[in-house]
Amino acid sequence: MRKYLFSAGLALLVAATSVSVTAVVQPAFAAEIKYVVNNIPITTGDIAHRAAFFKLQHKKGDAAQEMIDQTLRLAEARRLGIRISDQQVDAAYQRFATGNKMPLAKLDAIMNQSGVSKEHFKEFIRAQMAWNQALSARYRSGEGGSVTEQDAVRRMLDKGGSKPTAMEYMLQQVIFVVPASERAATLAKRKREADAMRVRFNSCNTTRDFAKGLLDVTVRDLGRVLAPQLPPDWAEQIKSTKVGAATPTRETDRGIEFIGICSSREVSDDKAAQMVFQAEGSSDKDADELSKKYVAELRQKAKIVER
């Protein structure tokens, strides 16, 4: 997230010094369908907003092609089960405003007056957050040209290092399911129920007993997970939670969730070496190359129709 928004932030700082908050707001763009990407429409309005975003960033680019790529990236993230909630996007938008030392109202004004719109920028944030997770999953799965376990060990030893260690966690996921149609009415109640169960959590052996009698509660054994493989949204909470305890509850697209820490141990093997190498040894250039290759593959498989 930081990587993708940093350049945009610099441009916005420049723009903020020259755009008056009281300036006339740009008129809304027309919204005729220009492209259909795997049955997902892209409008002329979407493309115009992206062109305005490029201008705000002082960046050249093909706005239409960029919107096609963003649509493909978001669709791929959804296929992988990656969902970025509105709350996560709003929090990132707030952090962006804070990082640029401006109140939300001023950031909103800059977005609207420049022709980008707050909504378009938020969707850009959502896409980048989701794509970062998709790329991480790609690295972890060993696709896209990432190093093998043996290669990682060899490279580390060649540099005079020793085989690294990594924490290995045994995890259990608990989901208090909240259907989308019932979210507004029951979310607060389900959070109270999840918080109450989380407090009682003391080992993974008793979780299912606690869940008996509770409606729509799913318990999943996630098995052993190395620290570099932890889901980005949960990693810090898992690392800071003691064995036999559970992370704080959080709202997700599925409902209210928490993760129990069944056990943890330090391991040193080829798999750990591979994970550490990919987490610490890859450069921004590597990530950019992987992203371009990944999107090119998605384009080859996609059905893109111009209206």
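Visitor: In which helix is D69 found?

Guide: In this predicted model, D69 belongs to helix α3, residues 63–79.

Visitor: Why is D69 called buried?

Guide: The relative accessible area of D69 is 15%. Buried means under 20%, so D69, at 15%, is classed as buried.

Visitor: What does D69 touch, leaving out residues up to four places away in sequence?

Guide: D69 touches V295 and R299. Contact here means heavy atoms within 4.5 Å.

Visitor: What makes β5 and β6 a pair?

Guide: Two bridges join β5 to β6. A pair needs at least two bridges, therefore β5 and β6 count as paired. The two strands run antiparallel, and R250 has E257 in β6 as its bridge partner. With three residues between them, β5 and β6 form a hairpin.

Visitor: How do you know that β3 pairs with β6?

Guide: There are twelve bridges between β3 and β6, in the antiparallel sense. The requirement is at least two, so β3 and β6 count as a pair. Q173 has its bridge partner, I259, in β6.

Visitor: Which helix and strands each supply at least two residues of the lining of the second largest pocket?

Guide: These are α6 (118–141), β3 (166–177), β4 (217–226), β5 (250–251) and β6 (255–267). The space in this pocket is about 700 Å³. It is lined by 29 residues, of which G81, Q133, P231, W234 and R254 are the closest to its centre.

Visitor: How many residues of that lining are nonpolar, polar and charged?

Guide: Eleven are nonpolar, eight polar and ten charged.

Notes
Residues numbered from 1 in each chain as written. Predicted model: local features only at pLDDT ≥ 70, side-chain atom pairs only at ≥ 80, totals over all residues. Heavy atoms only, no water. 1 Å grid on protein atoms, 1.4 Å probe; cavity = no way out; pocket = protein on both sides within 12 Å on 5 of 7 lines; lining within 4 Å. Points joined across faces, edges and corners; volume = space filled by probe spheres on them. Helix = DSSP H or I, 4+ residues; strand = E, 2+ residues; numbered from the N terminus. Nonpolar A, V, L, I, M, F, W, Y, C, P; charged D, E, K, R; others polar. Buried < 20%, exposed > 50% of the residue type's maximum accessible area, 1.4 Å probe, protein only.
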